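Have a look at the structure first, then read on.

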Amino acid sequence: MAEPLRLGIAGLGTVGAALVRILAAKHDFLAERCGRPVEVVAVSARDRDRDRGLDTSRFAWFDDPVALARDRGIDIFVELIGGEDGPALASVRAAIAAGRHVVTANKALLARHGVELARKAEEKGLILNFEAAVAGGIPVIKTLREALTANQITRVYGILNGTCNYILTRMEQEGLAYEACLAEAQRLGYAEADPTFDVEGHDTAHKLAILTAIAFGTRVAADDVYVEGISNITPADIHAAADLGYRIKLLGVAQKTDTGIEQRVHPTMVPVDAPIAQIHGVTNAVAIDGDIVGQLVLSGPGAGGQATASAVAGDIADIAKSRPGHQQAPAFGVPARHLEPYRQARMRAHEGGYFIRMVVHDRTGVFASIATRMAGEDISLESIVQHRSVASPAPADGTQTVILLTHTTTELAVRNALKRIAADGHLVSAPQMIRIEK
Ligand code: HSE
């Protein structure tokens, strides 16, 4: 059998520890599949004495991940530290400079520095793999950059954050408040160290920016993603959506339009019978629209040690199977130096249907006035109802809830109409506006 492939792993948190266990348990199985053994030879983490339930004494220990990345005793540097800069960036740069292949699960690092790192790796004939960075255990990177090479992609969208999907699912199924569901997700270990990253949509935005680059062959443009999180979604929205035949999901959507590429992350109403609406709990899903294949929907575990380590181990196995002189697909599907500039479509030009929930003063003419303001912006209404459901019964306090569904219109028209309605003095509180994705 060929020489072993030697790994240095930086970061022994949930994913790193799961990876070490999997590589030990599957040693012979992987050696047979890859044609050579895959051996962990060195590790690095912040605290050597922490009990991880792992025997690390058989590995060389490095306090400094950069020193590990440069060590001549390794062939692949596995970065599981996290964070867009700091030790993660320094060690991945050092690994590439020293001629090591790199496997990382770090979406923030790739969203910010992915093109630079891919370019440097490609110049040196090295492999940079990052399947685990997007949607955990779902092989969406490989699907986009390899299996769908012959397709022109028109849209890619999905549920890319397990924490948010868990919260929305629990709110819908159990009728719980947002805060209680977030606390549960944290307790179960799904959320990032700072859950704001999850619930305000930034984690989804990082993942979406990576998918966009691969799907459309453009440079990663994480700063150009329009982002809204789920922290202002209320049980009243969830109930109103259900009454109208929709579910609310936090989606990341990248779509080609006439004016450029839209990248947007926001709570979205999806028809209750759509495949993406069937994705519950911490599960992720990605839908890809290709001109030849039609629509693919991939779903599976998007967070957690086992799922993420499964993707990292697959990336390592791909390098183990590669032969010198036979480059695998470039990191972003096309060589990084050939990625096109990203042309951003303006959010105000976004076209789609909208759900609008307004709490208004209950007086004569309010409905008519709202309808007039909508018509003034050329917005055609699919329905306008005074909402009475279990969640929002007709209150006795002189207010009413009005729910509108629009036909396809533009973001600008909706924002203008809502400004005028607010100026008319009918609103008790800020309106809720949720985009519909068909
Ligand atoms: N916090 C992330 C999630 C973990 O909830 O999906 C995987 O990136």
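**The largest cavity**

The lining of the largest cavity splits into eight nonpolar residues, two polar and one charged, where Ala, Val, Leu, Ile, Met, Phe, Trp, Tyr, Cys and Pro count as nonpolar, Asp, Glu, Lys and Arg as charged, and the others, Gly among them, as polar. Keep in mind that this is a predicted model: local features need pLDDT of at least 70, side-chain atom pairs count only at pLDDT 80 or more, and totals for chains, interfaces and linings use all residues. Residues are numbered from 1 along each chain as its sequence is written, and side-chain values use heavy atoms, with hydrogens and water left out.

- On a 1 Å grid over the protein atoms alone, a cavity is a set of points where a 1.4 Å probe fits but cannot get out, and lining residues have an atom within 4 Å of a point.
- The count comes to one cavity of 30 Å³ or more, and the largest cavity holds about 60 Å³ of space.
- Among the residues lining the largest cavity are A118, A121, E122, Q327 and Q328.
- The biggest share of that lining comes from α5, with three residues; helices are DSSP runs (H or I, at least four residues), and strands are too (E, at least two).

**The largest pocket**

- A pocket is an open set of points with protein on both sides within 12 Å along at least five of seven lines.
- The largest pocket has a volume of about 1400 Å³, a volume being the space filled by probe spheres set on the points.
- Of the 49 residues lining the largest pocket, V15, L80, I81, G82 and E192 are the closest to its centre.
- Domain 1 (5-136 + 305-330) and domain 2 (141-301) both give residues to the lining, so the largest pocket lies between them; the bounds come from an automatic or database domain assignment.

**The ligand**

- Residues around the ligand include K107, Y190, E192 and K207, counted by a heavy atom within 4 Å.
- An oxygen atom of the ligand is 2.7 Å from a polar backbone atom of G162.
- A ligand oxygen also sits 2.7 Å from an N or O atom in the side chain of T163.
- For the side chain of N161, the distance from an N or O atom to a ligand oxygen is 3.5 Å.

**The sheet**

- Six strands make an open, parallel sheet in the order β3-β2-β1-β4-β5-β6, with pairing taken as at least two DSSP bridges between two strands.
- The edge strands, β3 (60-62) and β6 (128-129), each pair on one side only.
- Three bridges join β2 (residues 38-44) to β3, and S44 stands opposite F62 in β3.

How values were computed: A polar contact is a pair of N or O atoms within 3.5 Å; within protein, one must be able to donate a hydrogen and the other to accept it, and residues adjacent in sequence count only if both atoms are side-chain atoms.
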